[in-house]
Amino acid sequence: RYPPPFKENASSEYTLPEAGQVYLEITSILGNRIRLISNQPQAEGEYSTTLEGSKLVPGVYMITLRFTNQFGSELTKTLRMVKQ
């Protein structure tokens with residue numbers, strides 16, 4: 001199931017259950033990196049990021065979050081975004 005398409009901007013929220021290393025990037029559907037948003041430690045809490053659509057061609061984009069906690073456990077989540 002695809003999320004609703006966006007024209008200008010799309011936002012994505014995520015919650016970290018504990019402090020850890022966050023790697024967050026936007027890629028094309030083919031896996032080409034569009035933008036690296038974060039590659040740094042972040043504290044526990046709620047965060048939001050915005051995908052600016054004004055410079056993107058219509059298509060499907062992926063926002064991938066890779067979280068690694070202090071014990072080395074890793075969690076990866078990917079969200080699809082459709083630009084009109």
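Which residue is the bridge partner of Ile63 in E6? The bridge partner of Ile63 in E6 is Leu79. The legends below describe a predicted model in which local features need pLDDT of at least 70, side-chain atom pairs count only at pLDDT 80 or more, and totals for chains, interfaces and linings use all residues. Residues are numbered from 1 along each chain as its sequence is written, and side-chain values use heavy atoms, with hydrogens and water left out.

**View 1. The open sheet of four strands.** The order of the strands in this open sheet is E3-E2-E5-E6, with antiparallel pairing. Strand E3 (33–42) and E6 each have a single partner strand and stand at the edges, so one side of each is left without a neighbour in the sheet. On average, neighbouring strands of this sheet are turned by 10° against each other, direction ignored. Strands (E, at least two residues) and helices (H or I, at least four) are DSSP runs, numbered from the N terminus. Two strands pair if DSSP finds at least two bridges between them. Axes are lines fitted to C-alpha atoms, for helices over the stretch in contact, and angles run from 0 to 180 degrees between N-to-C directions. In a regular strand the side chains alternate between the two faces of the sheet.

**View 2. Strand E2 beside strand E5.** Strand E2 (residues 20–28) and strand E5 (residues 59–69) run antiparallel and are joined by nine bridges. Val22 has Phe67 as its bridge partner in E5, and Thr27 has Met62. Thr27, which lies in strand E2, is buried, with a relative accessible area of 8%. Buried means under 20% relative accessible area, exposed over 50%, and partly exposed in between (1.4 Å probe, protein chains only). Not counting residues up to four places away in sequence, Thr27 touches Asn32, Arg33, Ile34, Tyr61 and Met62; contact means heavy atoms within 4.5 Å. Ser28 lies in strand E2 and is buried, with a relative accessible area of 14%. Leaving aside its neighbours within four places in sequence, Ser28 is in contact with Ile34, Val60, Tyr61 and Met62.

**View 3. The hairpin of E5 and E6.** E5 and strand E6 (residues 74–83) run antiparallel, with 10 bridges joining them. Thr64 stands opposite Thr78 in E6. Four residues lie between the two strands of this hairpin, and Gly72 in the turn has a positive phi of about 90°. Ser73 is in the loop between E5 and E6 and counts as partly exposed, at 45% relative accessibility. Apart from neighbours within four places in sequence, Ser73 is in contact with Phe67 and Thr68. The C-alpha atoms of Ser73 and Gly20 are separated by 9.7 Å, the two residues being 53 residues apart along the chain.

**View 4. The aromatic pair.** The structure holds one aromatic pair. The rings of Tyr14 and Tyr47 have their planes at 15° and their centres 5.4 Å apart, so the pair is stacked. Tyr14 in strand E1 (residues 9–16) and Tyr47 in strand E4 (residues 45–52) are 33 residues apart, and the pair links distant parts of the chain. Rings of Phe, Tyr and Trp (its six-membered ring) pair if their centres lie within 6.5 Å; planes under 30 degrees apart count as stacked, over 60 as edge-to-face and the rest as tilted. Tyr14 counts as buried, at 12% relative accessibility, whereas Tyr47 counts as partly exposed, at 26%.

**View 5. The salt bridge.** One salt bridge is found in a search of the whole structure. Its partners are Glu25 and Arg33, with the closest N and O atoms 2.9 Å apart. A salt bridge is a side-chain nitrogen of Lys or Arg within 4 Å of a carboxyl oxygen of Asp or Glu. Glu25 is buried, with a relative accessible area of 14%.

**View 6. The largest nonpolar core.** This core has 14 residues, and those with the most contacts inside it are Tyr14, Val22, Leu24, Leu51 and Met81. At least two residues of this core come from each of E1, E2 and E5. E5 gives the most, with four residues. A nonpolar core is a set of buried Ala, Val, Leu, Ile, Met, Phe, Trp, Tyr and Cys residues joined through side-chain atoms within 4.5 Å. Not counting residues up to four places away in sequence, Met81 touches Pro3, Phe6, Ala10, Ser11, Leu51, Gly59, Val60, Tyr61 and Ile63.
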